[in-house]
Amino acid sequence: QAAQGLGGAVSPRISILMSVKDGERWLREALNSILLLQTFTDFECLVMDDGSVDGTPLALKEYANHQALWIARHPVSRGLAASLNELARVAKGELLARQDADDVSRADRLAKQVAFLDAHPDVGLLGTWALQIDAAGRPLGEERWPTDDQALRDMLPRVNPFIHSSVMMRRAVFEQVGGYDESFRVAQDYELWMRMATVTRMAVIPEPLVLRRMHADQVSDQP
């Protein structure tokens with residue numbers, strides 16, 4: 001595996017974790033929404049190219065000189081959970097945020113999530129609402145979930161109320177429960193939230209701070 005880039009700040013508040021496999025089509029839009037547009041800039045963005053055979057490596061190379069970006073590559077795909085765990089192990093931030101390579105973060109996403117977590121130190125798992133978009137970026141409608149801990153706790157055994165690409169979590173809580181279970185090929189996120197719920201409070205910000213792309217060839221990590 002090859003890695004390049006050293007990340008930005010020595011100890012950034014946030015480490016953003018992205019695993020991409022054959023995601024060239026929307027990768028630039030996803031990266032631009034993080035690297036170029038966020039109003040909160042104390043972050044590093046860690047990207048794992050998980051065995052892509054399309055133009056993903058070339059697309060990533062376009063951003064290789066960005067000071068906040070760190071890129072690694074698996075020659076052969078190891079899967080989403082393994083890739084995210086590997087990124088989390090080298091992450092420097094006290095907060096871990098997720099970003100999928102086909103989704104888009106709104107410019108104030110990181111700022112609003114950090115402010116919420118700073119104001120609610122007992123919350124270790126934080127999601128947001130989302131605006132669903134189609135392959136061309138056209139809006140399909142808002143995706144809304146309960147916002148408070150008890151309502152989320154009541155829903156969690158039945159359905160996953162956290163949009164993976166919207167999540168920000170405290171690294172200490174993530175590490176306490178052991179990260180993603182790499183034996184899960186799907187629903188890795190849902191299974192992690194179930195374990196995190198046993199040790200921390202949860203919340204969802206009632207604003208669509210991410211654009212969640214719905215398209216035919218996506219490999220869902222939802223149950």
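This is a predicted model: local features need pLDDT of at least 70, side-chain atom pairs count only at pLDDT 80 or more; totals for chains, interfaces and linings use all residues.
Which residues point one way from E3, and which the other way?

1. Strand E3. Phe43, Cys45, Val47 and Asp49 point one way from E3, whereas Glu44, Leu46, Met48 and Asp50 point the other way, and all of them are buried. In a regular strand the side chains alternate between the two faces of the sheet.

2. Strand E7 and its neighbours. Because 10 of its 11 residues are buried, E7 is largely enclosed by the rest of the structure. With E10 it runs parallel, joined by 10 bridges, and Ala130 stands opposite Val210 of that strand. With E8 the pairing is antiparallel over 4 bridges, and here Ala130 stands opposite Glu143. A further antiparallel partner of E7 is strand E9 (residues 168–170), to which 2 bridges join it; in that pairing Leu125 stands opposite Met169.

3. E7 and E8 form a hairpin with 5 residues between them, and Gly137 in the turn has a positive phi of about 90 degrees. Asp134 is found in this loop, between strand E7 (123–133) and strand E8 (139–143). Is Asp134 buried or exposed? Its relative accessibility is 13%, and it therefore counts as buried, the cut-off being under 20%. The side chain of Asp134 reaches the backbone nitrogen of Ala136 at 2.9 Å. Leaving aside residues up to four places away in sequence, Asp134 also touches Leu140, Arg213 and Met214.

4. The nonpolar cores. The largest nonpolar core has 35 residues, and those with the most contacts inside it are Met169 and Trp193. The elements that give two or more residues to this core include strand E3 (43–50), strand E4 (69–74), helix H3 (80–90) and E7, and also helix H5 (149–155), helix H6 (171–176), helix H7 (188–196) and strand E10 (201–213). Apart from this core lies another, of 31 residues, among them Leu35, Phe40, Leu95 and Leu209. As for Met169, when residues up to four places away in sequence are not counted, the residues that it touches include Glu94, Leu95, Leu96, Gly124 and Leu125, as well as Phe174, Tyr180, Leu192, Trp193 and Met196.

5. An aromatic pair. How many aromatic pairs does a search of the whole structure find? The search returns 2 of them. In one, the rings of Phe174 and Tyr180 have their centres 5.7 Å apart and their planes at 65 degrees, so the pair is edge-to-face, for which the angle has to be over 60 degrees. Both partners are covered: Phe174 counts as buried at 4% relative accessibility, and Tyr180 is buried with a relative accessible area of 2%. Phe174 and Tyr180 are also among the residues that Met169 touches.

6. Helix H4. In helix H4 (residues 109–119), Arg109, Leu110, Gln113, Val114 and Leu117 are buried. Seen down the axis of H4, the buried residues fall within an arc of 115 degrees, so they line one face of the helix. Phe116 is found in this helix too, and its contacts, not counting residues up to four places away in sequence, are with Val123, Leu126, Ala203 and Ile205. For one of these, Ala203, the separation from Phe116 is 87 residues in sequence and 9.4 Å in space, C-alpha to C-alpha.

7. Gln188. Gln188 is found in helix H7 and is buried, with a relative accessible area of 4%.

Key. Residues are numbered from 1 along each chain as its sequence is written. Side-chain values use heavy atoms; hydrogens and water are left out. Buried means under 20% relative accessible area, exposed over 50%, partly exposed in between (1.4 Å probe, protein chains only). A polar contact is a pair of N or O atoms within 3.5 Å; within protein, one must be able to donate a hydrogen and the other to accept it, and residues adjacent in sequence count only if both atoms are side-chain atoms. Contact means heavy atoms within 4.5 Å. A nonpolar core is a set of buried Ala, Val, Leu, Ile, Met, Phe, Trp, Tyr and Cys residues joined through side-chain atoms within 4.5 Å. The arc is that of the directions from the helix axis to the C-beta atoms. Rings of Phe, Tyr and Trp (its six-membered ring) pair if their centres lie within 6.5 Å; planes under 30 degrees apart count as stacked, over 60 as edge-to-face and the rest as tilted. Two strands pair if DSSP finds at least two bridges between them.
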